[in-house]
Amino acid sequence: MMNWDSLNKGIQNTDVRSLARAITGVENDLEGYLDFMKSLNINRNIPIIGITGPPGAGKSTLVNALISELNKENKKIGIVAIDPTSPFHYGSLLGDRIRMAEHFLNQNVYTRSLATRGSLGGLSAKTIEITDVMRAYDFDYIIVETVGVGQSEIEIVGLADVTVLVLVPEAGDEIQGIKSGVMEIADVFVVNKADREGADSFVSNIKKMLHERAESSSAPSVVKTTASRNEGISELKTEIEIQLSNERLNSRKNLLIAEKAYRDWE
């Protein structure tokens, strides 16, 4: 049986082993975890950055580069990487940990992979609770990278303070098909692999689409990056900070997080 009180004290004292064990207990619904969640001193001021987008857009490479950029300011970063669940052994591939290997020994970076376990919408069913556990730790930022399932991947806006949608120039023909889903939730659009042909035209199309949106007072920004070369990452960090300083009420966040909690409870 887990000693939840000890784990809570360990988290308050920034003991990473206590954090890891507590996340495991919460993820697996171990006895006593609900009382543990109620006892946590959760810091709601720690921003959650959501990274979403279709498979192959380079989300993990972008997160890796963003971590390096934030590390220049000695920031403490928690990463939650949602991985698809295997239909055979019900585990996750942990591919994001492979791509973020350069940060394994970094004391300021903690990475946790979660399996979707059949949950739709791009998030694990336990992601909300696990990010609360991480908000009780001494992080400056928490980054949640979704599994990359496409148009239905909108639950991230119910969790994140800033949602970053990562696309590639080749998605130009698909923009009309997906704009009613993930295209409506982004605070920052990233056109990654911007060294490819058609990137400038794709950026123009996105800006034109955003200009036609009704919510002009909170128009998202568009940033070009080539994450594999660390190009545009500083500009992305700046845009994220601008969005975090925007105190506009995100009514969609409250709606979607309530809807997810209700469905998971059922």
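Seven bridges join strand E2 (residues 77-83) to strand E3 (residues 109-115), and the two strands run parallel; strands (E, at least two residues) and helices (H or I, at least four) are DSSP runs numbered from the N terminus. The model is a predicted one, in which local features need pLDDT of at least 70 and side-chain atom pairs count only at pLDDT 80 or more, whereas totals for chains, interfaces and linings use all residues. Residues are numbered from 1 along each chain as its sequence is written, and side-chain values use heavy atoms, with hydrogens and water left out.

Strand E3 is mostly covered, with seven of its seven residues buried; buried denotes under 20% relative accessible area, exposed over 50%, and partly exposed the range in between (1.4 Å probe, protein chains only). The cover extends to both faces of E3: Val109, Thr111, Ser113 and Ala115 are buried on one side, and Tyr110, Arg112 and Leu114 on the other.

Strands E2 and E3 belong to an open sheet of seven strands, in the order E3-E2-E4-E1-E5-E6-E7, with parallel pairing; two strands are taken to pair if DSSP finds at least two bridges between them. The edges of the sheet are formed by E3 and strand E7 (221-224), each of which pairs on one side only. Neighbouring strands of the sheet are turned by 20 degrees against each other on average, direction ignored. For these angles and those given below, axes are lines fitted to C-alpha atoms, for helices over the stretch in contact, and angles run from 0 to 180 degrees between N-to-C directions.

Strand E1 (residues 48-52) is largely enclosed by the rest of the structure, because five of its five residues are buried. On one face of E1 the buried residues are Ile48, Gly50 and Thr52, and on the other they are Ile49 and Ile51. E1 pairs in the parallel sense with strand E4 (residues 141-145) over four bridges, where Ile49 stands opposite Ile143 of E4. Four bridges also connect E1 to strand E5 (residues 162-167), again in the parallel sense, and here Ile51 stands opposite Val164 of E5.

Turning to the helices, the twelve residues of H2 (residues 16-27) should span 16 Å at 1.5 Å a residue, which agrees with the 16 Å separating its end C-alpha atoms; the expected span is 1.5 Å times one less than the number of residues. The residues buried in H2 are Ser18, Leu19, Ala22, Ile23, Gly25, Val26 and Glu27. These buried residues pack against helix H1 (4-12), helix H3 (33-39), E3 and helix H6 (127-135).

Two packed helices are described by the angle between their axes and the distance between the axes. H1 and H2 pack at an angle of about 135 degrees, with their axes 8 Å apart. That angle makes H1 oblique to H2, given that angles under 35 degrees count as roughly parallel, over 145 as roughly antiparallel, 65 to 115 as roughly perpendicular and the rest as oblique. The crossing of H1 past H2 is left-handed. Trp4, Ser6, Leu7, Gly10 and Ile11 of H1 make the contact with Ser18, Leu19, Arg21, Ala22, Gly25 and Val26 of H2, contact being defined as heavy atoms within 4.5 Å.

The axes of H2 and H6 come within 10 Å and cross at roughly 160 degrees. H2 and H6 are therefore roughly antiparallel to each other. H2 passes H6 in a right-handed crossing; a crossing is right-handed if the near helix is turned clockwise from the far one by less than a right angle, and left-handed if anticlockwise. The contributing residues are Leu19, Ala22, Ile23, Val26 and Glu27 of H2 together with Glu129, Ile130, Val133 and Met134 of H6.

Asp29 lies in the loop between H2 and H3 and has a positive phi of about 55 degrees although it is not a glycine. With a relative accessibility of 46%, Asp29 counts as partly exposed. Asn230, likewise not a glycine, has a positive phi of about 60 degrees and is placed in the loop between E7 and helix H9 (233-244).

Overall, the protein chain contains ten helices and seven strands, and buried residues make up 53% of its 266 residues. Among contacts between residues at least 6 apart in sequence, 77% join residues at least 24 apart.
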